[in-house]
Amino acid sequence: MFERLTKDARAVIEGAVEQARSGGARTVDAEHVLLALLGSEGGRASFALSALGLGESRDAVREAVGEARRRAGLTRAEADALAGLGIDVGEIVARVEEAHGVGAMTGDAGRPGRWSGGRPRFGRGAKDVLERALRVALGRGERSVGGEHLLLALTVLPGVAGEVLADFGVTFEEVTRVCPPAHSARSAEK
């Protein structure tokens with residue numbers, strides 16, 4: 001799989017690993033890929049994010065991801081469903097943080113940089129992003145997986161990253177509109 005990643009996509013994955021390490025996370029998750037995409041420059045994903053207005057909203061996106069991680073990675077939809085059952089996720093988070101400190105539910109309880117064997121472990125969410133990105137690339141008739149494919153994968157997978165992107169108007173359709181398949185762009189130039 002990694003041999004199909006473009007230089008840009010490899011940089012995003014390396015950025016996701018660094019996001020996880022610096023945050024003290026035990027594994028690299030989909031949210032780390034999103035945060036790394038926000039910090040990437042010069043690639044098609046960076047262009048798409050800027051074209052869709054996320055350039056000015058990067059801090060707000062980071063804050064939204066942080067809030068979701070404080071809720072143990074629950075999406076707002078999941079928190080709302082629990083509220084329908086009489087479970088106040090906000091109250092639970094507040095009580096846990098009161099007893100154990102802010103961010104106690106993020107799952108980032110390890111020491112930064114202390115991963116087994118020094119190698120990053122990819123959580124199910126990050127693995128799903130990589131797998132879906134490959135499927136998206138192949139579905140678009142492209143041989144390599146670029147940053148734009150990682151972004152497209154995040155928009156269609158359930159979870160915090162996709163929900164946050166949708167909240168800011170970054171959907172699969174919008175990313176495809178501003179970042180069409182590479183072969184389509186070449187055909188249009190002819």
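Visitor: Which helix holds Glu163?
Guide: The model is predicted: local features need pLDDT of at least 70, side-chain atom pairs count only at pLDDT 80 or more, and totals for chains, interfaces and linings use all residues. Residues are numbered from 1 along each chain as its sequence is written, and side-chain values use heavy atoms, leaving out hydrogens and water. Helices are DSSP runs (H or I, at least four residues), numbered from the N terminus. Glu163 sits in the run of residues 160-167, helix α9.

Visitor: Is Glu163 buried or exposed?
Guide: Buried means under 20% relative accessible area, exposed over 50%, and partly exposed in between (1.4 Å probe, protein chains only). Glu163 has a relative accessible area of 16%, so Glu163 is buried.

Visitor: Which residues does Glu163 contact, leaving aside neighbours within four places in sequence?
Guide: Contact means heavy atoms within 4.5 Å. With those neighbours set aside, the partners of Glu163 are Arg71, Thr75, Arg76 and Ala77.

Visitor: Why is α9 called largely enclosed, and what does its buried side pack against?
Guide: Six of the eight residues of α9 are buried, so the rest of the structure largely encloses this helix. Those residues are Val160, Ala161, Gly162, Glu163, Val164 and Leu165. They pack against α2 (30-39), α4 (58-70), α5 (76-84) and α8 (147-156).

Visitor: What is the relative accessible area of Ala166?
Guide: Ala166 also belongs to helix α9. Ala166 is partly exposed, because its relative accessible area is 42%.

Visitor: Within what arc do the buried residues of α7 fall?
Guide: The buried residues of α7 are Ala126, Val129, Leu130, Ala133, Val136 and Ala137. The arc is that of the directions from the helix axis to the C-beta atoms. Seen down that axis, the buried residues line one face of α7, because they fall within an arc of 130°.

Visitor: Which exposed residues does α7 carry on the face turned away from its buried side?
Guide: The buried residues of α7 pack against α1, α2, α8 and α10. The face turned away from them carries Arg135 and Gly139.

Note on methods. Helix = DSSP H or I, 4+ residues; strand = E, 2+ residues; numbered from the N terminus.
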